[in-house]
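Here is a short walk through one model. Keep the sequence and the 3D view side by side as you read.

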Amino acid sequence: MAESITPLISKEKISTRIRELGAMINQDYANSPVMAVCILKGGVIFFADLVRELTMPVTCEFLGTSSYGSATESSGEVKLTLDITHPIEGKNILIFEDIIDTGLTLKYIKKLLMARNPASIKIATLLFKPESLQVSDIKPDYCGFEIGKEFVIGYGLDYDGLYRQLPYVGVFKK
Ligand code: IMP
């Protein structure tokens, strides 16, 4: 069967939700400085759109991980491919992720960053698959949309490196 993409969340819905998330974050942090940590590569578009809604002092950092597995299923084995470049001790960290699926990637990242003694760590994710979650201690503080177990692409999310540039989120079938 040929590959297919079925639109799931439109560009307009995403931008409305990003503005809502920005307002929530601005309210919660008041004017406290935030270190915004983008998880590459999938988080980059969500990060770029959402940081522009923030009104407190924001510094931007990038962290890369790769997880072994097939193109559509994560194996749970996570490796750091790029570290952030500044100390985080005493800082309020806000992580920007494209999707929480099993939660294993964020569990790994949170443990790594917690060891560096930040003041706080919160998680913002565009998408969350609650039915796929395999860890109890990871929950998004700011979530764009909850979705089912389907494999999705677009707005930063890829299949085999492709489709990240789509302005909407779609369900991908091989
Ligand atoms: P985890 O299972 O929560 O550790 O998710 C690990 C990573 O797998 C995410 O950051 C995404 O890059 C990728 N991923 C999980 N589900 C999807 C999906 O539906 N589409 C594209 N990538 C996904």
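Start inside the protein, at Ile18. With a relative accessible area of 4%, Ile18 is buried, because buried means under 20%. Keep in mind that this is a predicted model. Ile18 sits in helix H1, which covers residues 11-29. Now look for Leu50. Ile18 and Leu50 are separated by 32 residues in sequence, yet their C-alpha atoms are 5.9 Å apart in space.

Next, follow the chain out of H1. Ala30 is in the loop between H1 and S2. Ala30 is not a glycine, but its phi is positive, at about 50°. Strand S2 runs over 34-40, and helix H2 over 44-51. Lys41 lies in the loop between these two elements. The peptide bond that joins Leu40 and Lys41 is cis, with omega at about -5°.

Leu82 belongs to strand S4, residues 74-82. Its relative accessibility is 39%, so Leu82 counts as partly exposed, between the 20% and 50% limits.

Then move to the ligand. Which residues come nearest to the ligand? Of the 16 residues around it, they are Thr102, Gly103, Thr105, Lys129 and Val152. Asp101 uses its backbone instead, with an N or O atom 2.8 Å from a ligand oxygen. For Asp98, the side chain places an N or O atom 3.1 Å from an oxygen atom of the ligand.

How much of the ligand does the protein bury? Taken alone, the ligand exposes 490 Å², and the protein buries 87% of that. S5 gives the most, with 4 residues. By type, the shell residues divide into 6 nonpolar, 4 polar and 6 charged.

Phi of Asp160 is positive, near 55°, in a residue other than glycine. Is Asp160 buried or exposed? Its relative accessibility is 57%, so Asp160 counts as exposed, the cut-off being over 50%.

Methods: Residues are numbered from 1 along each chain as its sequence is written. This is a predicted model: local features need pLDDT of at least 70, side-chain atom pairs count only at pLDDT 80 or more; totals for chains, interfaces and linings use all residues. Side-chain values use heavy atoms; hydrogens and water are left out. Buried means under 20% relative accessible area, exposed over 50%, partly exposed in between (1.4 Å probe, protein chains only). A residue is near a molecule or strand if one of its heavy atoms lies within 4 Å of it. A polar contact is a pair of N or O atoms within 3.5 Å; within protein, one must be able to donate a hydrogen and the other to accept it, and residues adjacent in sequence count only if both atoms are side-chain atoms. Accessible areas come from the Shrake-Rupley method with a 1.4 Å probe; for residues, only the protein chains shown count as cover. Ala, Val, Leu, Ile, Met, Phe, Trp, Tyr, Cys and Pro count as nonpolar, Asp, Glu, Lys and Arg as charged, and the others, Gly among them, as polar.
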